[in-house]
Amino acid sequence: MTGTARHPHHLTLAEVEALARAAHEGQTDKAGRPYAEHLAAVAEGVRARGGTPEQQAAAWLHDAVEDDALSRAWLDSAALPQSVKDMVLAVTKRPGEPVEEYTARILATPGALLIKESDLAHNADPARLAVLDAPTRERLTAKCARVRALLGL
């Protein structure tokens with residue numbers, strides 16, 4: 001085959017958002033809010049921090065595989081740039097994975113740190129934390145601080 005390879009149509013950011021919202025339909029966060037609100041906040045945080053459209057797409061999908069909202073097979077075959085898939089997998093926690101390995105993978109994956117930074121920022125939002133019971137709030141705050149430290153944030 002000669003010439004340039006044809007690039008398949010990639011999903012638009014709006015299509016990724018719609019897919020993510022549908023995949024997480026009916027799910028709520030620890031505060032009982034619709035899960036899509038968290039995804040929207042993380043994607044907006046990435047955009048506001050100067051993130052690329054690819055990073056914004058990965059932000060919409062950042063919890064989809066981890067939460068089993070979308071399968072790994074779906075992600076592998078999705079019409080998305082490889083960079084988006086790599087970022088999503090980088091920020092996807094694996095069962096039993098040490099936090100040191102998790103954060104090292106994020107740091108080693110181009111573009112992934114900004115997504116995790118935005119995710120941590122929204123998870124640390126005082127308004128979100130305020131509705132949680134004290135032990136949960138303290139556990140999440142400590143966990144967040146540890147991850148931030150390992151990521152150099």
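Visitor: What is the average pLDDT of the chain?

Guide: This is a predicted model, so confidence comes before any reading of contacts. Of the residues, 95% score at least 70. The average pLDDT of the chain is 93.

Visitor: How many of the residues of helix H3 are buried?

Guide: Helix H3 spans residues 53-60 and is mostly covered. The buried residues are Gln 55, Gln 56, Ala 57, Ala 58, Ala 59 and Trp 60. They pack against helix H1, H2, helix H5 and H7. Out of the 8 residues of H3, the number buried is 6.

Visitor: Is Gln 56 buried or exposed?

Guide: Gln 56 lies in helix H3. Beyond its neighbours within four places in sequence, Gln 56 touches Leu 13, Ala 43, Val 46, Arg 47 and Gly 51. Buried means under 20% relative accessible area. Because its relative accessibility is 12%, Gln 56 counts as buried.

Visitor: How are H1 and H3 oriented to each other?

Guide: The axes of H1 and H3 come within 9 Å and cross at roughly 10°. Angles under 35 degrees count as roughly parallel. H1 is therefore, relative to H3, roughly parallel.

Visitor: How many nonpolar residues are in the contact of H1 with H3?

Guide: From H1, the contact takes in Leu 13, Val 16, Glu 17, Ala 20 and Arg 21, and from H3, Pro 53, Gln 56, Ala 57 and Trp 60. By class, 1 residue of this contact is polar and 2 are charged. The number of nonpolar residues is 6.

Visitor: How are H2 and H7 oriented to each other?

Guide: Helix H2 (residues 35-48) and helix H7 (residues 112-123) have axes that come within 8 Å and cross at roughly 125°. Their crossing is right-handed. The two helices are therefore, to each other, oblique.

Visitor: How many charged residues are in the contact of H2 with H7?

Guide: H2 contributes Glu 37, His 38, Ala 41, Val 42, Gly 45 and Val 46, which meet Leu 114, Ile 115, Ser 118, Asp 119, His 122 and Asn 123 in H7. The contact has 5 nonpolar and 5 polar residues. The number of charged residues is 2.

Methods. Residues numbered from 1 in each chain as written. Predicted model: local features only at pLDDT ≥ 70, side-chain atom pairs only at ≥ 80, totals over all residues. Heavy atoms only, no water. Axes fitted to C-alpha atoms, helices over the stretch in contact; angles between N-to-C directions. Helix = DSSP H or I, 4+ residues; strand = E, 2+ residues; numbered from the N terminus. Parallel < 35°, antiparallel > 145°, perpendicular 65-115°, else oblique. Left-handed = near helix turned anticlockwise from the far one by under 90°. Contact = heavy atoms within 4.5 Å. Nonpolar A, V, L, I, M, F, W, Y, C, P; charged D, E, K, R; others polar. Buried < 20%, exposed > 50% of the residue type's maximum accessible area, 1.4 Å probe, protein only. pLDDT = per-residue confidence, 0-100.
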